[in-house]
Amino acid sequence: MKIDAYVVEEINATLVRETLTIDDPGPGEVLVKVVATGVCHTDLNTQSGDMPLPLPGVLGHEGSGVVEAVGAGVTEVKPGDHVIMGWPYCGTCRNCVRGEHRYCLNIGAELLAGVRLHGPDAGSSAYTRTDGTALSGHFFGQSSFATYSLTRANAVVKVDKDIDLVLLGPLACGITTGAGAVFNTAQPGPNESVVIIGAGAVGLAAVMAACNTPAATIIAMDLQDSRLELARELGATHTVNTREKNIVEAVAEICGGPADYVLDCTGSIKVIEQAADTVGLMGTLILVGGAPAEARFSLDHMRTLFGKTVVGTLGGSSNSRTLIPGLIKLYRQGRFPFDKLITTYSFDELELAIHDVHEGGTIKAVLRIDETNQ
Ligand SMILES: [Zn+2]
Ligand SMILES: [Zn+2]
């Protein structure tokens, strides 16, 4: 069938709307009519060549929508079901069998191969241009900057029809990344402190998650006062503008010493090295934000020796069907108001959305793709 999709032709090229053809769903696949999709930094990192998706290709990986058709053997969902498209995974490797789909041993290819990896059509892309040439799709198993997505049944998360689908896409990646870093990796206990550096969508999701733990001190840090204001509104007990204050000194002042957990949501090596110095004996530094490919950081050996943990987390760890329904329940109870992070744009406003995320006040941009479903 014909779809309308944003295509990025080559590294650093603008995303341009184009009519493409998408295959019908094969065994184990689900065709989703995309209602909305979030814009994540990983889309932009891929456009700029930092993530090795073969180009030209279709990006987008925070999609929500309505099941249009299912392939052979699909029992999880049926046409008409409302779904979020979560991260893909192979389902058979050691980590997938353990339920740790984010750490699927084949995750690189699952996210970025640009072609199907499973079923009778493995190795081919389901996406074709009007001149008959194929291009990359299946980005994060969905390529959701498009009116339709072809995804795998094991990656979709069915959601209740009474929740606004427009809001839900970011639960596929950015929002779960921040929340999962707190729930699955930090797991703070009573009277402990959590420092979140970088108050974008991921960091603010971490702030909201921390408010659902026994942590007593929740410190949000950022360069922008407007984001710090929102962090306070969402439950941060303290905020620090790092343009005005040194990270290590600010934590020492507020906590009376080092912090128990520090989450770096910036991916800045300079910030990560300072963050490591704010964590004390038995403390944990959690790397959440992505740094440029090949980036390295250094640590003070002696201070790390003293029981310090440095751990990375991808997509919040765990898996979509555990994390996403859990966050939706908290949202319904008013305990995880992630809708406050979202600004919506129409399908033709992708460039504006990207601009506003970089330079405006937008924290999480969501494209409304199918206006008839809203
Ligand atoms: Zn796997
Ligand atoms: Zn993402």
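**Exercise 1: the sheet and its helices**

Helix H8 (residues 247–255) lies across E10, E11, E12 and E13, and runs at about 155° to E11. Keep in mind that this is a predicted model. Your task: work out in which order the strands of this open sheet come, and which strands stand at the edges.

*Solution.* 
- Step 1: The open sheet has 6 strands in the order E12-E11-E10-E13-E14-E15, with parallel pairing.
- Step 2: E12 (238–241) and E15 (309–312) each have a single partner strand, so one side of each is left without a neighbour in the sheet. Those are your edges.
- Step 3: On average, neighbouring strands here are turned by 15° against each other, direction ignored.
- Step 4: Zoom in on E10 (residues 193–197) and E13 (residues 259–264): they run parallel and are joined by 4 bridges. Ile-196 stands opposite Leu-263 in E13.

**Exercise 2: rings and charges**

Find the aromatic partner of Tyr-6, and say how the two rings are arranged.

*Solution.* 
- Step 1: There are 5 aromatic pairs in the structure.
- Step 2: Tyr-6 is in strand E1 (residues 2–8), and Phe-347 is 341 residues apart from it. Both are buried.
- Step 3: Check for a charge, too: the charged end of Arg-17 sits over the Tyr-6 ring, 5.7 Å from its centre.

Notes
Residues are numbered from 1 along each chain as its sequence is written. Chains are lettered from A and ligands numbered from 1 in the order in which they are written. This is a predicted model: local features need pLDDT of at least 70, side-chain atom pairs count only at pLDDT 80 or more; totals for chains, interfaces and linings use all residues. Side-chain values use heavy atoms; hydrogens and water are left out. Two strands pair if DSSP finds at least two bridges between them. Helices (H or I, at least four residues) and strands (E, at least two) are DSSP runs, numbered from the N terminus. Axes are lines fitted to C-alpha atoms, for helices over the stretch in contact, and angles run from 0 to 180 degrees between N-to-C directions. Contact means heavy atoms within 4.5 Å. Rings of Phe, Tyr and Trp (its six-membered ring) pair if their centres lie within 6.5 Å; planes under 30 degrees apart count as stacked, over 60 as edge-to-face and the rest as tilted. Buried means under 20% relative accessible area, exposed over 50%, partly exposed in between (1.4 Å probe, protein chains only). A charge sits over a ring if NZ of Lys or CZ of Arg is within 6 Å of the ring centre and within 35 degrees of the ring normal.
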